[in-house]
Amino acid sequence: MPSTPYLLAVLGIVFGITFALRAVPFAALRTLRTSATVRRLSTWMPVGILAILAVTTLHGTIAAEPRATLHALLAVAATVGAHLAFSRRTILSVSIGTTVYVVLVNAF
Amino acid sequence: MAGNVRNHMARDLRDHEEVRHHVPPQVTTSLPATRRQQTAAGVRDSFSAGLGILPLGIALGLLVVQAGLPWWLAPALSLSAFAGSVELLVVGMAATVTPLGAIALTVLVVNFRHVFYAFSFPLHVVRHPLAKAYAVYAMIDEAYAVNAALPEAERSAPRLLAMQIACEVYWVGGGLAGVALGTALPGPLEGLEFALCALFTVLALDAFRSRRELSSVLLAGASVAAALVLTPEIALFTALLVFVALLLARHLLATRRAAGDAAGETAGEAAGA
């Protein structure tokens with residue numbers, strides 16, 4: 001059982017590093033707001049970052065449960081299909097996709 | 001491209017503090033009228049993110065109990081980091097009393113991706129310094145993702161903050177629920193963590209639909225494929241690093257091509273004259 005001071009030190013480290021990583025770029029960007037590079041990156045980045053998050057979380061799901069690879073791919077297809085079919089209702093699409101995955105994983 | 005630049009300039013003008021103060025509220029018709037409606041919109045934004053956050057929070061609480069750590073570590077970690085996946089890693093490391101330096105390095109590598117969110121996170125809509133600090137502290141993946149998919153005209157400080165506070169409530173609440181379930185139940189329903197993947201998939205579709213950035217998607221696809229092959233353990237970190245490097249290269253190319261075109265035109269005009 002780790003000591004309480006050790007756990008408090010862990011909490012301090014986690015807070016300090018995470019907050020700094022989030023805050024420092026804003027301070028640095030304030031001086032770069034007029035830069036053409038920053039403007040272009042801010043239009044180009046969001047869709048790519050979201051796509052990367054989607055792929056890495058899918059990979060995480062598959063890595064945690066390799067036998068469920070097909071289930072995960074089917075669930076992604078169900079999510080995309082639901083989203084295109086029911087015109088952008090995020091909660092509905094996410095619920096349908098998740099339900100498909102949970103049912104497939106627990107049933108097979 | 002010229003249109004994009006013009007839009008940005010218009011947005012900057014609109015967001016400029018002085019200008020905003022002198023604009024009567026009824027002019028911004030596309031915004032929800034009241035603070036209450038904006039807050040409600042923010043809470044609604046949080047629901048889809050909550051589907052992914054709540055199960056992850058429960059998993060964190062369960063893990064804390066199973067690792068033999070004191071129960072208060074779950075809410076304390078959720079509040080100190082509010083960063084999702086890294087907390088699950090830290091619980092495992094703390095349980096085996098890993099040296100603090102190793103924990104610091106892990107947090108640095110896993111959370112490094114947040115550095116890139118500053119480019120497009122709408123922090124400029126928040127004015128109050130304390131609220132600004134909270135918005136930065138609570139800039140989790142889901143908060144970034146949900147806002148990246150929102151049109152600029154629909155963004156507001158109450159909406160953003162309400163969304164972030166709601167997410168933190170799900171996260172801390174999920175952790176406490178996980179602690180409570182810890183010894184009583186065999187475990188949560190398997191597979192709920194897929195909600196995160198579904199959420200990011202849907203938001204990527206939305207972002208693509210509002211901004212047809214096919215080249216960005218292709219570059220992101222190449223980055224994540226390379227990252228999964230080369231460094232599967234820290235795929236997200238590597239993918240973002242490669243993606244930014246590719247975008248910078250694309251920016252340099254576009255700049256050079258524009259300069260080349262301009263030079264060509266000048267040369268053509270000179271030849272014509």
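Helices here are DSSP runs of H or I with at least four residues, strands are runs of E with at least two, and both are numbered from the N terminus. With that settled, residues 41-62 of chain A come out as 100% helix and 0% strand, with the end C-alpha atoms 31 Å apart. Residues 6-29 of chain A are likewise 100% helix and 0% strand, and there the end C-alpha atoms are 35 Å apart.

A bit of housekeeping: this is a predicted model, where local features need pLDDT of at least 70, side-chain atom pairs count only at pLDDT 80 or more, and totals for chains, interfaces and linings use all residues. Residues are numbered from 1 along each chain as its sequence is written, while chains are lettered from A and ligands numbered from 1 in the order in which they are written.

Now for the interface. Counting residues as in contact when their C-beta atoms, placed from the backbone, lie within 7 Å, the contact draws 61 residues from chain A and 72 from chain B. On chain A's side, the elements giving two or more residues are H1 (4-30), H2 (36-64), H3 (69-85) and H4 (90-107). H2(A) gives the most, with 24 residues.

B:Tyr144 and B:Asn147 are among them. B:Leu241, in helix H13 (residues 235-272) of chain B, is partly exposed because it has 18 other C-beta atoms within 10 Å.

Technical notes: Contact = placed C-beta atoms within 7 Å. Buried ≥ 20, exposed ≤ 12 C-beta atoms within 10 Å, placed from the backbone.
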